[in-house]
Amino acid sequence: MAMRVTALTLALLLVAFNLTTWLDPWFQNRAGANSSSADVLTVALGDSRRLFAKHFYTKADAYFHKGYYPSIYDAKPEADKLHMAANAGAGHGEREAGMDFLGKPKNWIDAFGRNFFPSSHQHLGDEDQAECQHKPGEPCTHQHHSSKQSSGEERELLPWLQISAMLDPDRVETYIVASYWLRTQLGKVNEAEQFLRQGLRANPGHQELLFELGRIYLENRKDVTRARNVWELALKKWHENEASKADANIFLYEQILGQLAKLEYEDKNYSRAIAYYKALKEVSPFKESIQKTIEETEAKLKAAP
Amino acid sequence: MSATRPGKASLDFRREIAPVGAGSSSSGAAGAMKVAVNNIHAIGGVVIKELCRRKDFYVLFVLTALITLIMGSVNFFNEDKIVRYLKEICLFLIWMSSLVIAITTTARQIPAEKENRTLFPLLAKPVTRNQLVLGKCLGCWLACGLTLLVFYTFFAVVSGAREHHWPILNYFQAGMMHWFTLAIVIAMALIGSIVFAAPSSNSTITFVVVMGILLVGRHLDEVALQLTEPGQSVVYAVYFLIPHLEWAFDVRELIVHDRDLVSWAAWIGACAYAVVYAALLLTGACLLFRRKALN
């Protein structure tokens with residue numbers, strides 16, 4: 001009897017072991033398996049890692065201002081409109097508003113204490129260390145803000161952006177901002193592309209990452225064909241992911257269309273350029289100037305052999 | 001004459017057995033002052049020797065160095081000139097280590113003398129209670145100065161090796177403000193060691209108070225504005241009463257972000273502010289210790 005039980009147990013163990021060797025690979029490779037969830041940070045921090053990621057992303061912005069940054073007690077810029085990110089994408093001047101968060105000293109302790117922390121508005125890469133003296137809301141006209149020359153100080157943002165991306169790989173802005181500074185101010189095009197590709201691995205087919213990758217191909221690698229392909233994919237993904245949303249990223253759509261139209265125009269594919277311009281006209285606030293460009297392009301199309 | 005002789009004899013006797021300051025040929029107030037200074041200095045020397053013997057400083061320094069060097073070896077986008085994150089981490093660790101050393105070293109001074117039963121022999125010698133308190137404070141402060149010297153030298157070497165420039169004056173300003181601020185912390189811990197029963201409770205409470213000041217001290221006026229009376233007045237009063245330790249703590253930011261030097265007038269003002277606060281707290285400690293029953 002005891003022999004039978006032992007034999008049965010051994011047989012069951014063997015079956016269980018065999019099943020494990022079959023089922024585990026199947027489980028790992030099944031459709032929709034999330035194999036990226038097993039890293040130590042995700043297990044240890046859970047969803048709180050997103051909070052830390054946001055903190056480090058904001059810290060990068062504080063570094064961009066050389067420490068002149070509002071605390072939790074001061075009025076803060078919106079998280080999605082950080083100055084560092086604004087420089088990477090949208091205009092700069094309008095973001096300056098709200099950076100005079102200190103105001104006038106409230107008492108002698110406040111006034112005296114301002115000697116001991118960064119209390120003047122400066123940016124990384126301001127070689128002349130000039131301070132922004134303009135009033136809130138006034139566009140910034142300093143040459144050091146508009147010029148492309150850099151001392152490479154912007155590299156100081158990178159550790160915090162990399163840590164932020166490590167903690168929250170789904171945060172797309174982190175890759176875009178880091179890539180922008182890497183390729184424009186630090187001349188590290190390969191690293192920028194690698195980081196964007198890392199972002200694309202975490203967020204497959206994301207339209208903003210594809211758009212930024214296209215800019216690298218066109219502006220840095222001068223590879224028009226790959227830029228066009230990537231932007232066309234970005235446009236397709238925008239239609240798939242964003243178009244149906246109530247708060248769709250129209251600015252990105254305009255940028256993709258604008259870049260594609262410009263690219264086709266320069267490549268003398270006027271009919272395709274016109275198509276992109278027409279699509280752009282529908283969403284752009286500058287309809288008249290786009291209509292004028294369409295007419296010019298149509299004239300060129302007619303004149304073309 | 002007979003009434004004066006015993007007093008003189010007593011004084012001479014005390015001088016003869018004095019472990020320090022003995023053999024002084026001077027007399028009167030200047031002599032007494034010299035003896036007092038020598039006593040304070042001798043007690044301070046013992047504290048410094050104690051810090052050298054204990055492992056606290058070595059452990060904290062090795063930890064700071066290890067964490068800094070590990071963080072410095074991380075590769076970010078093949079960019080080897082990135083240094084500010086490293087400076088921030090290193091300075092933060094230096095601050096935390098120095099606070100731990102200052103508070104724990106100070107907090108155990110008087111309780112340890114009681115526990116080892118060396119307090120009574122010490123006070124039986126010509127060492128007054130005030131001299132004991134001042135000696136302990138001076139010793140802890142000088143010991144912290146020595147540790148800061150080592151820490152800031154390490155910091156200067158690490159950051160200089162990475163960024164290839166040496167803003168020594170900035171480091172000097174930050175280090176000295178740090179040291180003067182620690183004088184306030186030491187005086188607070190010394191009062192705590194007289195008031196609270198155990199060094200552990202004193203250390204914890206002092207650490208919480210110091211961290212509270214460092215984190216929210218600068219913003220208490222803004223917090224007060226959002227409160228209703230009487231909370232507003234209370235918080236405002238606290239804002240004006242607390243020693244603003246965060247001034248020295250915030251200088252880290254200037255160092256990290258390569259900002260300009262603090263104006264020398266403001267720097268001297270901040271150091272003087274720290275000296276005044278430390279003196280006030282020490283006076284309080286002396287008064288409390290004078291009235292404290294030791295048995």
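The legends below describe close-up views of a predicted model.

**Figure 1. The contact between chain A and chain B.** In this predicted model, 36 residues of chain A are in contact with 36 residues of chain B. The area buried between the two chains is about 3,400 Å², and carbon and sulfur atoms give 63% of that area. Of the area that chain A buries against chain B, 22% is supplied by Tyr73(A), Ile109(A) and Phe116(A), more than by any other three residues. The size of an interface is often given as the accessible area lost when the parts come together.

Figure 2. Lys59(A) and Glu88(B) meet through their side chains in a salt bridge, at 2.8 Å from N to O. On the side of chain A that touches chain B, at least two residues each come from helix 3 (48-64), helix 5 (108-113), helix 7 and helix 9 (189-202) of chain A. The residues on this side of chain A divide into 17 nonpolar, nine polar and 10 charged.

**Figure 3. Ser164(A) in helix 7 of chain A.** Helix 7 of chain A covers residues 158-167 and holds Ser164(A). Ser164(A) has 0% relative accessibility and therefore counts as buried. Leaving out residues up to four places away in sequence, Ser164(A) touches Ala53(A), Phe56(A), Tyr57(A), Arg171(A) and Thr174(A).

**Figure 4. The salt bridge between Glu212(A) and Arg183(A).** Over all chains the count is 26 salt bridges. In one of these, the side chains of Glu212(A) and Arg183(A) meet at 3.0 Å, N to O. Glu212(A) lies in helix 10 (residues 207-220) of chain A and Arg183(A) in helix 8 (residues 172-184) of chain A, so the pair ties together parts that are 29 residues apart in sequence. Glu212(A) counts as buried because its relative accessibility is 3%. Arg183(A), at 5% relative accessibility, also counts as buried. Side chains of opposite charge can pair when their charged atoms come close.

**Figure 5. Arg272(A) and its partners Glu232(A) and Glu264(A).** Glu232(A) forms a salt bridge with Arg272(A), and their closest N and O atoms are 2.8 Å apart. Glu232(A) is in helix 11 (residues 224-241) of chain A and Arg272(A) in helix 13 (residues 270-283) of chain A, so this pair links distant parts of the chain, 40 residues apart. Glu232(A) counts as partly exposed at 24% relative accessibility, and Arg272(A) is partly exposed with a relative accessible area of 39%. Arg272(A) also forms a salt bridge with Glu264(A), where the closest N and O atoms are 3.9 Å apart. Glu264(A), at 0% relative accessibility, counts as buried.

**Figure 6. A salt-bridge network with residues from chain A and chain B.** Glu153(A), Arg84(B), Lys87(B), Glu163(B) and Asp258(B) are joined into one network by salt bridges that share partners.

**Figure 7. Ile103(B) in helix 4 of chain B.** Ile103(B) has its place in helix 4 of chain B, which covers residues 84-115. With a relative accessible area of 1%, Ile103(B) is buried. Apart from neighbours within four places in sequence, Ile103(B) is in contact with Val185(B), Ala189(B), Ser203(B), Thr206(B), Phe207(B) and Val210(B). Val210(B) is 107 residues from Ile103(B) along the chain, and the C-alpha atoms of the two residues are separated by 9.8 Å.

**Figure 8. Cysteines of chain B that are in no disulfide.** The count of disulfides over all chains is zero. For Cys90(B), the nearest cysteine sulfur is that of Cys144(B), 17 Å away. A disulfide needs cysteine sulfur atoms within 2.5 Å, so Cys90(B) is in no disulfide. Cys90(B) counts as buried at 1% relative accessibility. For Cys140(B), the nearest cysteine sulfur is again that of Cys144(B), 6.7 Å away, and Cys140(B) is in no disulfide. Cys140(B) is buried, with a relative accessible area of 1%.

How values were computed. Residues numbered from 1 in each chain as written. Chains lettered and ligands numbered in written order. Predicted model: local features only at pLDDT ≥ 70, side-chain atom pairs only at ≥ 80, totals over all residues. Heavy atoms only, no water. Buried < 20%, exposed > 50% of the residue type's maximum accessible area, 1.4 Å probe, protein only. Helix = DSSP H or I, 4+ residues; strand = E, 2+ residues; numbered from the N terminus. Contact = heavy atoms within 4.5 Å. Buried area = accessible area lost by both parts, 1.4 Å probe. Salt bridge = Lys/Arg side-chain N within 4 Å of Asp/Glu carboxyl O. Nonpolar A, V, L, I, M, F, W, Y, C, P; charged D, E, K, R; others polar.
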